[in-house]
Amino acid sequence: MLGPVLLAAARSDSIRRLVSAAPVTRPMVDRFVAGEQLDQCLRSIRSLSGRGMEVTIDHLGEDITDRSEALRNRDAYLALTEALAAAGLADRAEMSVKLSAFGQALAGGHDLAYENVLPVVEAAAEAGTTVTLDMEDHTTVDSTLAVLAELRKRFPGTGAVLQSYLFRTEDDCHALAGEGSRVRLVKGAYKEPAEVAYQDKREVDKAYVRCLKILMAGKGYPMVGSHDPRMVAIAQDLAGRYGRKQEEYEFQMLYGIREAEQERLVAEGNRMRVYVPYGTDWYGYFMRRLAERPANMAFFLRSLVSR
Ligand code: FAD
């Protein structure tokens with residue numbers, strides 16, 4: 001029951017102020033976020049890279065309310081791209097973007113998001129890296145996939161994210177399983193209505209396996225975005241069944257979550273990419289991580305009352 005409440009709180013400004021001001025929040029945030037500044041993020045990337053991992057970086061910022069914020073987010077990604085190239089990290093690090101940070105929810109948002117994300121995708125290609133479009137709530141899926149299709153005309157390596165909790169996703173997997181198509185499959189992190197999404201975790205898991213099958217059997221490049229040991233094992237099994245070598249798909253996990261498993265997969269020769277968020281606008285991301293695991297929330301609440 002707590003999960004949906006937290007996901008609703010993730011979009012509340014008053015709860016944002018409360019949580020952000022609580023002194024116990026910072027250490028919890030640090031577990032999931034690689035710092036507020038770019039140099040802290042670069043340190044984390046170097047450390048992960050030294051341990052055999054690749055990364056995808058999220059400059060935190062979502063649900064913006066005016067166009068100037070969209071431009072600031074675009075510029076932050078351009079600075080990030082430059083920093084990655086200058087640090088010689090572009091071959092280990094790609095970037096994840098949320099189109100809501102580029103203006104997707106504002107008036108004329110579809111075109112605005114495309115206009116703002118295009119220079120980032122161009123700069124990434126120039127620097128020798130690429131961009132993956134994160135997926136947000138179900139109302140944004142059509143727009144995000146349309147922006148993806150447009151970007152892929154010139155930059156076919158642009159990655160997509162599909163969420164197994166949505167009923168539509170098996171069809172989207174079929175549509176995106178073609179040659180060279182990079183697709184991160186996740187279970188989904190937003191509060192979605194029963195009209196569009198499975199509500200039962202077992203149904204979401206079953207759908208994840210069905211989607212994984214489609215992607216592994218296809219010609220694209222599956223990116224298995226899950227910490228679930230069952231999904232990891234099934235992905236390896238399916239990869240074997242469809243004759244994929246270890247370099248023909250990858251695992252992805254979030255910064256700070258199941259790190260021992262990340263290390264284990266690397267030691268076994270798998271490609272492992274860690275999703276590294278950084279920046280000051282960590283609230284929505286942090287609340288979704290609390291919502292995914294009751295134990296995280298229990299720990300957070302215990303720290304609040306034990307002070
Ligand atoms: P679960 O069944 O939820 O978890 C399996 C196990 O993983 C748990 O038992 C626990 O041990 C561990 N675990 C999972 N979550 C946590 C946590 N928060 N804290 C501590 N332990 C945890 N969602 C989107 O909607 N859009 C996106 O663009 C998106 N991008 C993602 C990118 C990556 C690389 C990853 C890994 C996830 C992304 N997600 C995204 C989130 C995803 O949808 C899930 O909410 C999240 O991954 C939890 O699902 P799970 O597959 O790990 O399985």
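Let me start with the ligand. By class, the shell around the ligand holds 10 nonpolar, seven polar and eight charged residues. Keep in mind that this is a predicted model. In total, 25 residues surround the ligand. The closest are Asp 134, Val 186, Ser 226, His 227 and Gln 252.

Which elements give two or more residues to that shell? They are S4, S5, strand S7, residues 250-254, and helix H12, residues 283-292. S7 gives the most, with three residues.

At least three residues come from each of domain 1 and domain 2.

Now, confidence. The chain averages a pLDDT of 93. Of the residues, 97% score at least 70. The model scores are ipTM 0.97 and pTM 0.94.

Next, the sheet. Eight strands form an open sheet, and the pairing is parallel. The order is S3-S2-S1-S8-S7-S6-S5-S4.

Look at one pair. Strand S1, residues 54-59, runs parallel to strand S8, residues 272-278, and six bridges join them. His 59 has Tyr 278 in S8 as its bridge partner.

Two helices on this sheet deserve a look. Helix H4, residues 38-50, lies across S1, strand S2 (93-97) and S8. H4 runs at about 165° to S8. Helix H9, residues 201-217, packs on the sheet and touches S4, strand S5 (182-186) and strand S6 (221-225). The direction of H9 makes about 165° with that of S5.

Last, the domains. The domain assignment gives domain 1 as 1-33 + 287-307, and domain 2 as 37-281. Their centres, taken over C-alpha atoms, are separated by 24 Å.

How many residues of each domain are in contact with the other? Nine residues of domain 1 contact eight residues of domain 2. On the domain 1 side, helix H1 (2-9), helix H3 (25-32) and H12 each supply at least two residues. H1 gives the most to that side, with three. By class, the domain 1 side that touches domain 2 has five nonpolar, no polar and four charged residues.

One link to take away. H12 gives two or more residues to the ligand shell, and H12 also supplies at least two residues to the domain 1 side that touches domain 2.

Key. Residues numbered from 1 in each chain as written. Predicted model: local features only at pLDDT ≥ 70, side-chain atom pairs only at ≥ 80, totals over all residues. Pairing = 2+ DSSP bridges. Helix = DSSP H or I, 4+ residues; strand = E, 2+ residues; numbered from the N terminus. Contact = placed C-beta atoms within 7 Å. Axes fitted to C-alpha atoms, helices over the stretch in contact; angles between N-to-C directions. Near = placed C-beta within 6 Å. Nonpolar A, V, L, I, M, F, W, Y, C, P; charged D, E, K, R; others polar. Domains from an automatic or database assignment. pLDDT = per-residue confidence, 0-100.
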